[in-house]
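Subject: Structure handover

Hello,

Please find the structure below.

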Amino acid sequence: MPSPDACEHIGAIKTITHPQRHVCEECVKINAQWVHLRTCQSCGTTLCCDRSPNHHATAHARASGHPVIASAERGERWLYCYPDDAFVEY
Ligand SMILES: [Zn+2]
Ligand SMILES: [Zn+2]
Ligand SMILES: [Zn+2]
């Protein structure tokens with residue numbers, strides 16, 4: 001489990017939400033490419049990272065106010081909180 005001291009948002013996460021499918025849900029609609037995938041821990045949407053051309057995960061966090069994403073990449077086990085700029089491995 002992630003460290004509860006990272007921030008209140010990460011501390012509130014009891015179960016990590018993993019991606020249902022390994023695709024960016026927005027990129028597939030517009031036929032775009034992505035680099036890495038992140039899963040929103042508030043709503044479970046899987047979107048692309050900031051190295052991808054469309055930055056869907058960050059755009060979603062800004063638009064929705066959902067604070068925490070998890071890496072959806074196999075072998076990566078971390079969470080990131082946007083408002084607190086907090087990164088934790090689990
Ligand atoms: Zn936070
Ligand atoms: Zn995308
Ligand atoms: Zn969300």
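Buried here means under 20% relative accessible area, exposed means over 50%, and partly exposed is in between (1.4 Å probe, protein chains only). By that scale Gln41 is buried, at 13%.

This is a predicted model, in which local features need pLDDT of at least 70 and side-chain atom pairs count only at pLDDT 80 or more, while totals for chains, interfaces and linings use all residues. Residues are numbered from 1 along each chain as its sequence is written, chains are lettered from A and ligands numbered from 1 in the order written, and side-chain values use heavy atoms, without hydrogens and water.

Gln41 sits in the loop between β1 and β2 (46–48); strands are DSSP runs of E, at least two residues, numbered from the N terminus. Its side chain reaches the backbone nitrogen of Thr17 at 2.8 Å and the backbone oxygen of Thr39 at 3.1 Å. Leaving out residues up to four places away in sequence, Gln41 has contacts (heavy atoms within 4.5 Å) with residues including Ile13, Val68 and Leu79.

A salt bridge is a side-chain nitrogen of Lys or Arg within 4 Å of a carboxyl oxygen of Asp or Glu. There are two by this rule.

- Lys29 pairs with Glu26 at 3.2 Å, N to O. Lys29 is exposed at 63%, and Glu26 is partly exposed at 31%.
- Glu76 pairs with Arg38 at 3.7 Å, N to O. This pair links distant parts of the chain, 38 residues apart: Glu76 is in the loop between β3 (68–71) and β4 (78–81), and Arg38 is in strand β1 (residues 37–40). Glu76 is partly exposed at 29%, whereas Arg38 is buried at 11%.

Regards

Notes:
Helices (H or I, at least four residues) and strands (E, at least two) are DSSP runs, numbered from the N terminus. A polar contact is a pair of N or O atoms within 3.5 Å; within protein, one must be able to donate a hydrogen and the other to accept it, and residues adjacent in sequence count only if both atoms are side-chain atoms.
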